[in-house]
Amino acid sequence: MDSKSSDGQPGSENSSPDSDSVAHADTVALTEINAKDATFRITTRRQVEDLLDTIQSLGLLHPPVLIEDSSGYSIVCGFRRIAACRQLGWKSITARIHKAGADRFEIARLAIADNALQRPLNLVETSRALNLLADTSPDQQQFKEAALSLGLPISPSVVPKAREICRLALPIQDGILSGTINMSMALELGKLDAAVATALVGFFIQLKVGLNKQRELLLLLTEIAKREDVSIQQLIAEKPLQNILQNTAIDRAVQRQNIRSYLRQRRYPAISKAEADYQKRVRQLNLGKQIQLVPPKNFEGTTYALTLHFENRQDLSNLNKRIEKILGHPALGEILKR
Amino acid sequence: MRISKLFINQQIADHPLARSIRARLDVPSEYVQNARQVHAAVASAPDPVQSGKEILYLTRNRGAFFKRCPGTRHYTCCDYQILHFGTFCYMDCTYCILQTYFHPPILEYFVNHEDLMAELDTVLAGKTVLRIGTGEFTDSLIWELWTDLSKLLIERFAAQQHAVLELKTKTTAIEKLQNLNHNRKTITAWSLNTSRIIRTEERATARLSARLKAAARCEKWGYPLAFHFDPLIIYDGCEQAYARVIESLFSHVSAENIAWISLGALRFVPSVKTVIQKRFPDSKIVYAEFIKGPDGKMRYFKPLRINLYRKIIACIRNHAPDVVVYLCMEDDEVWQKALGFKPDDIGGLPHMLDMSAARVCHLKPI
């Protein structure tokens with residue numbers, strides 16, 4: 001196939017040459033299109049396999065939109081369509097072309113609308129759209145109005161954070177796109193060195209942990225690393241963690257628990273030991289399901305609580321006997337002695 | 001110290017002390033209607049805390065000059081009274097609570113000493129033992145360069161028999177204390193720490209040896225002394241390091257002139273952690289084993305505190321078996337395990353300190 005113009009519109013249709021804003025349709029050689037210029041790229045999808053069959057059999061139903069630049073054309077809409085055409089071996093396509101001097105704000109809205117009006121944008125795409133709009137809009141009011149009409153967030157508390165997302169290291173963005181991390185965690189990771197963030201995203205993906213656990217693990221890793229003057233990457237690469245991570249014989253939930261326990265013990269060795277000692281002694285007391293012994297919070301206070309669960313007098317009487325036994329047990333003395 | 005600008009409340013523009021400080025501080029000055037203008041200037045700086053250390057705001061204290069020590073019911077407080085003549089500090093300790101205590105913190109000095117002295121007269125009119133300190137919201141002696149308040153206070157306390165003034169500092173600004181008639185009613189006190197902590201966590205403060213030499217000079221001038229190991233900071237080798245500080249302390253001063261030595265392990269409100277991480281990214285002190293206490297402050301896990309207190313107390317006892325040692329903001333369990341008795345066993349901590357003040361400072365309460 002030499003070339004194919006299949007936009008369903010006459011290829012010779014031109015707009016007024018005097019108007020910078022109005023596009024005209026024309027046939028453009030693919031070699032003239034700069035595919036590397038991602039100024040107007042909103043989509044995060046790179047694969048084109050889903051488009052190949054349709055384009056091959058029906059042609060380009062919707063012509064891509066281009067804008068003239070110093071060396072040819074940049075893509076405004078249709079990054080994937082053009083990539084598919086290249087993959088199909090086409091030499092040229094029919095596209096709608098804007099003049100180089102066209103209103104950048106209008107072009108930006110076109111690029112965003114082409115994506116946002118077809119499907120919900122993901123977080124990275126939203127971020128790209130907001131940045132593109134902010135960079136081209138003449139003022140804040142027009143930015144807000146355009147964002148609103150395109151279904152983008154306009155809250156002052158959200159916009160700056162959302163705009164930050166597409167500037168983060170690519171592995172963090174990939175973490176968002178894979179659903180492993182959310183905006184809040186992405187921004188946290190964005191404060192770290194890119195290599196460290198990359199290691200953490202990999203760590204979270206491997207463990208498949210939710211946001212709360214991610215936060216806990218990040219805090220533990222960060223504080224251990226700072227205290228011990230090692231990098232987070234080194235910590236993750238150390239044998240104890242790797243042994244747990246590479247142990248495929250254990251369930252993922254157990255793996256997560258083991259990782260958390262290991263990090264907590266390393267971050268809080270004295271507290272972890274006290275908790276373990278306490279649990280060991282409570283087990284020695286053999287309290288059963290009807291009695292709970294609650295230590296002072298963080299072992300800071302000195303008051304313990306004993307909770308009894310019973311249904312009738314006999315139950316309570318039995319518990320009373322159990323309590324008598326507990327009172328004489330050496331483990332209770334050990335607990336109270338601290 | 002780098003005071004780069006002086007703000008003066010319009011209402012005290014003609015106060016003699018404001019004029020005097022302005023003359024002594026050769027920096028640009030600006031008259032303002034109220035503190036909000038100063039706060040705005042500081043708050044807009046990239047590091048408002050640092051900015052608050054570089055300006056001085058002269059104003060009038062409209063409230064009380066005397067306040068109770070802000071203890072909590074969960075821990076035993078020494079129950080001393082705070083003489084509040086100014087706020088904040090130009091020194092820059094990583095752990096300083098004042099970084100978050102005021103919003104934003106600024107160096108602020110109250111020039112209405114006439115009101116202060118009148119209130120002091122009222123407080124001193126009672127005849128019970130009083131311990132009064134100025135080092136709670138600021139360092140007691142950083143103001144010596146521009147003011148003569150210490151002289152005023154020391155001489156006023158010298159003229160009575162039942163109250164002591166404690167000037168607590170990390171400086172060596174003692175020159176103006178020489179030759180004053182103090183009548184042993186002013187205790188000069190130093191916050192002490194290991195050389196490593198002073199170097200890494202107490203920026204712009206005097207070195208340990210300088211503090212101890214200053215203490216020795218004050219002892220030579222007849223002043224009673226006190227020392228505060230607060231905050232004690234746990235790190236590898238800290239026990240040996242604190243032992244060396246104690247050894248050095250008793251090689252500079254004699255135990256019989258020490259009214260008290262306090263020990264207090266590092267504690268901080270959670271918001272201070274964020275400030276430390278932001279302002280002092282190299283500091284590691286917040287990464288130790290802390291728990292949140294019932295008063296909401298972060299504290300070292302109790303067994304770790306007890307262990308450190310025991311070691312330090314044993315070391316102090318080796319040098320000075322009879323010196324009064326107390327724990328700042330700890331509970332009965334820690335007292336019992338660290339000191340071997342609870343405050344109530346000896347009539348309460350305030351009583352214990354009153355007795356020591358009476359003995360060392362020659363008080364004669366009625």
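Guide: In this predicted model, helix 5 of chain B passes helix 6 of chain B in a right-handed crossing. Helix 5 contributes His113(B), Leu116(B), Met117(B), Leu120(B), Asp121(B) and Leu124(B) to the contact, while helix 6 contributes Leu149(B), Leu152(B), Leu153(B), Arg156(B) and Phe157(B). Sorted by class, these are eight nonpolar, one polar and two charged residues.

Chain B also holds an open sheet of eight strands, in the order 4-5-9-10-11-13-14-18 and with mixed pairing. Strand 4 (66-68) and strand 18 (325-327) stand at its edges; each has a single partner strand, so one side of each is left without a neighbour in the sheet. On average, and with direction ignored, neighbouring strands are turned by 25° against each other.

Within this sheet, strand 11 (residues 186-191) and strand 13 (residues 225-232) of chain B pair in the parallel sense over four bridges, and Ala189(B) has Ala226(B) of strand 13 as its bridge partner. Helix 8 (residues 208-220) of chain B packs on the sheet and touches strand 11 and strand 13, its direction making about 170° with that of strand 11. Helix 13 (residues 349-360) of chain B lies across strand 9 (130-133), strand 10 (163-169), strand 14 (258-265) and strand 18, and runs at about 145° to strand 14.

Notes. Residues numbered from 1 in each chain as written. Chains lettered and ligands numbered in written order. Predicted model: local features only at pLDDT ≥ 70, side-chain atom pairs only at ≥ 80, totals over all residues. Heavy atoms only, no water. Left-handed = near helix turned anticlockwise from the far one by under 90°. Helix = DSSP H or I, 4+ residues; strand = E, 2+ residues; numbered from the N terminus. Contact = heavy atoms within 4.5 Å. Nonpolar A, V, L, I, M, F, W, Y, C, P; charged D, E, K, R; others polar. Pairing = 2+ DSSP bridges. Axes fitted to C-alpha atoms, helices over the stretch in contact; angles between N-to-C directions.
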